Amino acid sequence: MSTEGDYDCIVIGAGVQGSFTAYQLAKKKQRTLLLEQFVLPHTRGSSHGQTRIIRKAYDQDYYTVMMEECYRLWAQLEEEASVKLVRQTGLLVMGPENSSQYQAVKNTLQKNRVPMVILPPEEFSKHIPNVNLSEGDGALVDTTAGVLFADRALRAVQGQFLKLGGIIKDGQKVSDIKPGALVTVMASGGVYRAKNLVLTAGSWTNGMLSYIGLQLPLKVLKINVCYWKEKVPGSYNVQQRFPAFLQVECPEGKHHIYGLPSNEYPGLMKVCYHAGSETHPDMRDRQSDRSDIDILKRYLTRCFPGLDPEPAVVESCMYTVTPDEDFVLDCHPIHNNIVIGAGFSGHGFKFGPLIGKLLCELSLGEVPSYDLSPFRIRRFPEHLKPSL
């Protein structure tokens with residue numbers, strides 16, 4: 001591929017979505033440049049860390065449908081890169097039996113014939129030791145779900161992109177974007193031009209969009225990623241077949257609580273609150289709110305008695321959240337050779353391979369493989385500038 005500045009496509013942002021988009025473009029024989037503002041690897045965005053949950057358990061049907069192909073694409077990358085990226089553990093979903101959200105997850109799994117097990121309350125402790133099921137809660141297990149090895153996945157897809165002839169330039173902070181038949185990107189390391197541009201800039205998306213006359217209702221949240229020590233080593237270990245879990249509608253907080261079995265840090269279980277405090281992506285470390293940790297402490301004391309109710313390790317991540325928590329996958333309203341992938345709202349990593357495919361299709365002017373109407377920019381008409 002040319003390194004002189006002209007490409008078929010430039011992708012801005014080398015997180016999971018941008019990396020998979022670049023990989024898909026390179027597979028289509030597109031001369032592709034992947035730009036990243038930080039030196040790789042880094043922990044400043046939303047794609048770092050050792051693990052994520054992978055699941056089909058959703059209350060929206062379209063996500064469950066999309067996940068079917070995601071599993072195949074993850075398996076394809078595993079084979080291509082000769083690396084293990086997914087470990088099947090199952091996902092325990094708990095929530096008030098009669099609540100709309102719990103029932104929606106259950107119905108979506110049943111409708112799409114996803115293998116699952118419903119755990120009656122009287123048998124719950126036999127199957128899931130060391131967890132107290134809240135009175136009135138139902139419980140089911142999405143048996144297809146598991147743990148996705150995130151850092152390893154990012155290295156794998158970037159490695160495959162490079163093998164296909166793609167170019168990654170890190171340490172490239174973008175300072176301007178000029179639309180046109182050839183899009184011009186000015187960055188700290190040079191000026192680059194391409195027929196097409198894909199923006200996958202995560203929490204920095206609106207900064208990039210300001211150069212091309214667009215803003216989206218994206219809120220950036222700092223998430224405290226917490227690890228809790230097992231009182232008895234192995235109680236919640238992946239080796240003991242303990243599943244990942246998702247708690248919906250609990251009395252401690254308004255948002256989901258989710259966790260992964262102890263694995264990445266020996267003896268520590270990852271449990272997080274699916275919300276955080278608003279921040280600026282360049283100043284996230286000034287955000288010191290720990291109210292989410294207080295919610296987790298109360299929940300774990302009540303429901304996970306085998307964990308020390310003080311976090312042993314607290315790391316951080318960022319969510320870039322849309323008002324409806326659905327993604328943005330669309331072309332710019334005026335410049336159709338500029339494609340935007342944004343607002344993954346803390347649940348987008350598992351979709352990375354498919355999002356890369358969809359953004360590639362949009363960039364090449366192909367008919368998308370899925371109905372993208374839930375992800376269109378026009379659902380936020382009040383946020384489009386008058387000039388658009």
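Guide: A polar atom of the Ser235 side chain lies 2.6 Å from the backbone oxygen of Val232. The model is predicted, with local features needing pLDDT of at least 70 and side-chain atom pairs counting only at pLDDT 80 or more, while totals for chains, interfaces and linings use all residues. Residues are numbered from 1 along each chain as its sequence is written, and side-chain values use heavy atoms, with hydrogens and water left out.

Visitor: Why is Ser235 called buried?

Guide: Buried means under 20% relative accessible area, exposed over 50%, and partly exposed in between (1.4 Å probe, protein chains only). Ser235 has a relative accessible area of 17%, and is therefore buried.

Visitor: What does Ser235 touch, not counting residues up to four places away in sequence?

Guide: Ser235 touches Asn130, Glu230 and Phe242, where contact means heavy atoms within 4.5 Å.

Visitor: How do you know that α8 is close to its expected span?

Guide: The expected span is 1.5 Å times one less than the number of residues. Helix α8 (residues 352-363), a DSSP run of H or I with at least four residues, has 12 residues and reaches 16 Å from its first C-alpha to its last, close to the 16 Å expected.

Visitor: What makes α8 mostly covered?

Guide: Of its 12 residues, 11 are buried, among them Leu354, Ile355 and Leu358. The buried residues of α8 pack against elements including β1 (6-12), α1 (16-27) and α2 (61-81).

Technical notes: A polar contact is a pair of N or O atoms within 3.5 Å; within protein, one must be able to donate a hydrogen and the other to accept it, and residues adjacent in sequence count only if both atoms are side-chain atoms. Helices (H or I, at least four residues) and strands (E, at least two) are DSSP runs, numbered from the N terminus.
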